[in-house]
Amino acid sequence: MPVTSKQLPEEILADSYLLASVLFISPSQMDEESTNTRIINLCESLKEAGLSDIAEHFEMFHKKLWAIQEEDHLFTLEMTPTAPPYLGYYGFDAPKSCGEIGTSERNMYMIEIAGVYKHYGIKMEHGEMPDYFPAVCEFLAISLAETDPKSRNLRRGFINSMVKPHLPKFSHKLNKKPWSHITAAVAVLMESENIVKSNEGDE
């Protein structure tokens, strides 16, 4: 996958993460007109910023979006899913017994994620797990509003240690499903964030 050599303006970056989050819901729950407009407008902004590679991933998803069947969404992402949308699933084994739930590596991973969310004043809604991929994308958008250097470093560490190691396996599990284009877009978005001035790391 091509990796962009440019750093995105943060407004476009946030819009991209938010759109990635929204596009994981079932198309039957989307408003077609507003969703089409949102995708098209974001892709235009990405292209104007010189980031056609990210726009291409969203456009490829858009071409397949309205052909997605409810059953495909259900069995890929929800009911006994072939590609569970939980990042911890791809990095840690499930607990082998009830006694291991509280001390399992995956549980510790989710506690760490929840701790990062708490630092930014973000709480999970509807009982969803912290490593739920759309929630991670939403956090990556919202947390851009925080400009404190320590919070920015925490955010960068979150991306590098809690998201990037597990995202490729999720993408692989999605195989050629439409949502693989969204995970590909997010991967490039995160790479764009890692492009910093050489002296920034010395501050």
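The mean pLDDT of the protein is 88, and 86% of the residues score at least 70. Residues 1-5 have a pLDDT below 50, and this stretch makes 13 contacts in the model beyond near neighbours in sequence. A further stretch, residues 196-203, stays under 50, and the model has two contacts for it beyond four places in sequence. Where pLDDT is low, predicted coordinates should not be read in detail.

The loop between α6 and α7 contains Ser143. With a relative accessibility of 1%, Ser143 counts as buried, because the cut-off for burial is under 20%. The side chain of Ser143 reaches the backbone oxygen of Phe139 at 2.7 Å. When residues up to four places away in sequence are not counted, Ser143 touches Tyr120 and Arg155.

Six salt bridges are present in the structure. In one of them, the side chains of Glu59 and Lys47 meet at 2.6 Å, N to O. Glu59 belongs to helix α3 and Lys47 to helix α2, and the two residues are 12 apart in the chain. Glu59 is partly exposed, at a relative accessible area of 28%, and Lys47 is also partly exposed, at 40%.

A salt bridge is also formed by Asp72 and Lys177, whose closest N and O atoms are 2.7 Å apart. Asp72 lies in helix α4 (residues 70-78) and Lys177 in the loop between α8 (167-174) and α9, so the pair ties together parts 105 residues apart in sequence. Asp72 counts as partly exposed at 24% relative accessibility, as does Lys177 at 29%.

The salt bridge between Arg106 and Asp131 has its closest N and O atoms 3.5 Å apart. Because Arg106 is in helix α5 (residues 105-119) and Asp131 is in the loop between α5 and α6, this pair ties together parts 25 residues apart in sequence. Arg106 is buried, with a relative accessible area of 18%, and Asp131 counts as buried at 0% relative accessibility.

Note on methods: Residues are numbered from 1 along each chain as its sequence is written. This is a predicted model: local features need pLDDT of at least 70, side-chain atom pairs count only at pLDDT 80 or more; totals for chains, interfaces and linings use all residues. Side-chain values use heavy atoms; hydrogens and water are left out. Helices (H or I, at least four residues) and strands (E, at least two) are DSSP runs, numbered from the N terminus. Buried means under 20% relative accessible area, exposed over 50%, partly exposed in between (1.4 Å probe, protein chains only). A polar contact is a pair of N or O atoms within 3.5 Å; within protein, one must be able to donate a hydrogen and the other to accept it, and residues adjacent in sequence count only if both atoms are side-chain atoms. Contact means heavy atoms within 4.5 Å. pLDDT is the predictor's confidence in each residue, from 0 to 100. A salt bridge is a side-chain nitrogen of Lys or Arg within 4 Å of a carboxyl oxygen of Asp or Glu.
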